[in-house]
Amino acid sequence: MEVASVMRVSKMTVYRLVHSGHLLAIHVGRAFRVPEQAVHECLRESYPGVEAGGERPSDGA
């Protein structure tokens with residue numbers, strides 16, 4: 001999985017998230033490996049009111 005494309009951000013943004021600690025990554029040699037679960041968790045934390053399908057839950061109105 002390509003993290004930047006899943007998150008719809010640039011590679012540089014992914015590097016910034018990793019270095020700031022907002023996105024869990026494993027350093028392997030000169031590369032980073034980001035677990036799929038870490039990507040989903042980061043997105044959930046960034047957009048707390050949005051569900052997996054990209055829709056906001058209805059407020060019953």
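Start with a search for salt bridges, meaning a side-chain nitrogen of Lys or Arg within 4 Å of a carboxyl oxygen of Asp or Glu: the whole structure has one. Select R44 and E41 to see it, with the closest N and O atoms 2.9 Å apart. Both residues belong to helix α3, where they sit three residues apart, about one turn of the helix. An α-helix has 3.6 residues a turn, so residues three or four places apart point the same way.

Before moving on, a word on what you're looking at. This is a predicted model, in which local features need pLDDT of at least 70 and side-chain atom pairs count only at pLDDT 80 or more, while totals for chains, interfaces and linings use all residues. Residues are numbered from 1 along each chain as its sequence is written, and side-chain values use heavy atoms, with hydrogens and water left out.

Now zoom out and switch to cartoon view. The protein chain has three helices and two strands, and along the sequence they run α-α-β-β-α. These elements are DSSP runs numbered from the N terminus: helices are H or I with at least four residues, strands are E with at least two. Of the 61 residues in the chain, 18% are buried.

Stay on α3 (36-46) and select A38, V39 and C42, which are buried. They cover an arc of only 105 degrees around the axis (taken from the directions from the helix axis to the C-beta atoms), which puts them on the same side of α3. Show what covers these buried residues and you'll find α1 and α2 included.

Next, select helix α2, residues 11-20. Which of its residues are buried? They are V14, L17 and V18. Their arc is only 100 degrees around the axis, which puts them on the same side of α2. The buried residues of α2 pack against α1 (3-7), β2 (31-33) and α3; contact here means heavy atoms within 4.5 Å.

Two backbone stops come next, one at each side of α2. G21 follows the helix and has a positive phi, near 90 degrees. R8, in the loop between α1 and α2, has a positive phi of about 60 degrees although it is not a glycine. Most residues other than glycine have a negative phi. R8 is exposed, at 77% relative accessibility.

Last stop: the second largest pocket, with about 270 Å³ of space. Select E2, V3, V14, F32 and V34, the closest to its centre of the 12 lining residues. α1, α2 and β2 each supply at least two residues of the lining, and α2 gives the most, with four. By class, nine lining residues are nonpolar, none polar and three charged.

For reference, a pocket is found on a 1 Å grid over the protein atoms alone: an open set of points where a 1.4 Å probe fits, with protein on both sides within 12 Å along at least five of seven lines, and lining residues have an atom within 4 Å of a point. Grid points are joined across faces, edges and corners, and the volume is the space filled by probe spheres set on the points. Ala, Val, Leu, Ile, Met, Phe, Trp, Tyr, Cys and Pro count as nonpolar, Asp, Glu, Lys and Arg as charged, and the others, Gly among them, as polar.

Notes
Buried < 20%, exposed > 50% of the residue type's maximum accessible area, 1.4 Å probe, protein only.
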